[in-house]
Amino acid sequence: MNFLDWIKQPWPWYVAGPLIGLIVPGLLLLGNKPFGISANLRHICAACIPAKIPFFQYDWKKESWNLFFVLGILLGAYLTSLWLSNPDELKLNSKLVNELSGYGIHDFSKLVPSEMINWTNLLSLKGFILIVFGGFMVGFGTRYAGGCTSGHAIMGISSLQWPSLIATICFMVGGFFTANLILPYILKL
Amino acid sequence: MKLISNLKYMIVGMVFGIVFVKAEIISWFRIQEMFRLQSFHMYGIIGSAILVAMISILIIKRFKIKTITGEEVVITPKKFNKGQIYGGLIFGMGWAITGACPGPLFAQIGTGATVVIVTLLSAVAGTWVYGRFKDSFPQ
């Protein structure tokens, strides 16, 4: 197997997790920056639609490093899908494949399930919930909670902040509840 | 904006974006597996990321390692409020539905799933609505 074939395989958790963990000291040592993605949604509001709301009255330009950071995420993902993408289907748990087949989902080749999450479905009830409503909850919930998986689960817990542990537990409770008890009804639509 | 000094953060972001895609963290299906306890993958990633970050912070503090510009490393403490509970639950629900937290939204767009731009704009709208009506929610 040559290097390119080797690197195109999906990376295991013990490679990906530590690499993500190293972003925390990386950002701290490069400029005392706290790891946290969802703050960017606030910066975008502050920059584009502040509407004299006190929550958005701050100097977002001082936080522009984070917008560069997420721009990098987008570019990194673009370059990976261009040159390093895995040609094979995702290897998923057969229970999940069975469950989703029951809802008419058969394409497991893409990272985003294009059978449900696509432009045509956007205005169907199912598509609207999965794309628009879900996105709204992500933006509203992360700001209300003061952070997301990166800011609370990784940055917060690793710096031993108990409020972040509580937030992370609530992320998981909300996710378990929704994925198992609510999502099936959405997918049946 | 100091363009050049911000480019280093873009490069760190690119590494993150590559890992996001290569480890399938941005996969809607992997998130569903996580919330159904059908795979260790995401738990391994988040758990080992926390562990490596924790050890790194301990080392930085123990040896008083400075930033590249010679500043002392400061981590702002997070204060507890009810938002971490209510907001946390709401975000968890959105995470299960969209199969993405905020970082992966950017990465999914990068892989060409352009409809996720709508999810991202909707997340910006959610943030805006929170900011607008912040005082009406329990804090």
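These notebook entries record what I looked up in a two-chain model, chain by chain and then at the contact between the chains. I note at the outset that the model is predicted.

**Entry 1. Chain A, overall**

I began with the secondary structure of chain A and found eight helices and zero strands. Reading along the sequence, I wrote the pattern down as α-α-α-α-α-α-α-α. I then took the extent of the C-alpha trace of chain A along its principal axes, which is about 50 × 45 × 35 Å. Of the 189 residues in chain A, 52% are buried. For contacts in chain A between residues at least 6 apart in sequence, I noted that 48% join residues at least 24 apart.

**Entry 2. A:S164**

Is A:S164 buried or exposed? A:S164 counts as buried because its relative accessibility is 0%, below the 20% cut-off. Its side chain makes a polar contact with the side chain of A:H152, at 2.8 Å. Leaving aside residues up to four places away in sequence, I listed the residues that A:S164 touches: A:G151, A:H152, A:G156, A:I157 and, from the other chain, B:K78.

**Entry 3. Transmembrane annotation of chain B**

I consulted the UniProt record for chain B, an unreviewed entry, which places the feature "transmembrane region" at residues 7-28, 40-60, 85-107 and 113-131. I checked two of these spans against the model. Residues 85-107 of chain B are 87% helix and 0% strand, with end C-alpha atoms 27 Å apart. Residues 113-131 of chain B are 84% helix and 0% strand, and their end C-alpha atoms lie 28 Å apart.

**Entry 4. Helix α1 of chain B**

I then examined α1(B), residues 3-22. This helix has 20 residues and reaches 28 Å from its first C-alpha to its last, close to the 28 Å expected at 1.5 Å a residue. I recorded its buried residues as B:N6, B:Y9, B:M10, B:V12, B:G13, B:F16, B:G17, B:V19, B:F20, B:V21 and B:K22. As a reminder to myself, an α-helix has 3.6 residues a turn, so residues three or four places apart point the same way. What covers the buried residues of α1(B)? The cover includes α1 (3-8), α2 (13-31) and α4 (64-84) of chain A, together with α5 (102-110) of chain B. Just after α1(B), I noted that B:E24 takes a positive phi of about 60°.

**Entry 5. The contact between chain B and chain A**

I turned last to the interface. The contact takes 108 residues from chain B and 124 residues from chain A. The area buried between the two chains is about 10,300 Å², and carbon and sulfur atoms give 79% of that area. On the side of chain B, B:Y9, B:K22 and B:F29 supply 8% of the area buried against chain A, more than any other three residues. Two of these, B:Y9 and B:K22, I had already listed among the buried residues of α1(B).

How many salt bridges are counted between chain B and chain A? The count is one. B:R36 forms a salt bridge with A:E99, and the closest N and O atoms are 2.8 Å apart. Helices α1, α2 (28-35), α3 (41-62), α4 (83-98), α5 and α6 (116-133) of chain B each supply at least two residues of the side that touches chain A. Of these, α4(B) gives the most, with 16 residues.

Notes
Residues are numbered from 1 along each chain as its sequence is written. Chains are lettered from A and ligands numbered from 1 in the order in which they are written. This is a predicted model: local features need pLDDT of at least 70, side-chain atom pairs count only at pLDDT 80 or more; totals for chains, interfaces and linings use all residues. Side-chain values use heavy atoms; hydrogens and water are left out. UniProt positions are given in the numbering used here, feature names are shortened, and annotations may be inferred rather than shown by experiment. Helices (H or I, at least four residues) and strands (E, at least two) are DSSP runs, numbered from the N terminus. The expected span of a helix is 1.5 Å times one less than its number of residues. Buried means under 20% relative accessible area, exposed over 50%, partly exposed in between (1.4 Å probe, protein chains only). Contact means heavy atoms within 4.5 Å. Buried area is the accessible area (1.4 Å probe) that two parts lose on being put together, summed over both. A salt bridge is a side-chain nitrogen of Lys or Arg within 4 Å of a carboxyl oxygen of Asp or Glu. A polar contact is a pair of N or O atoms within 3.5 Å; within protein, one must be able to donate a hydrogen and the other to accept it, and residues adjacent in sequence count only if both atoms are side-chain atoms.
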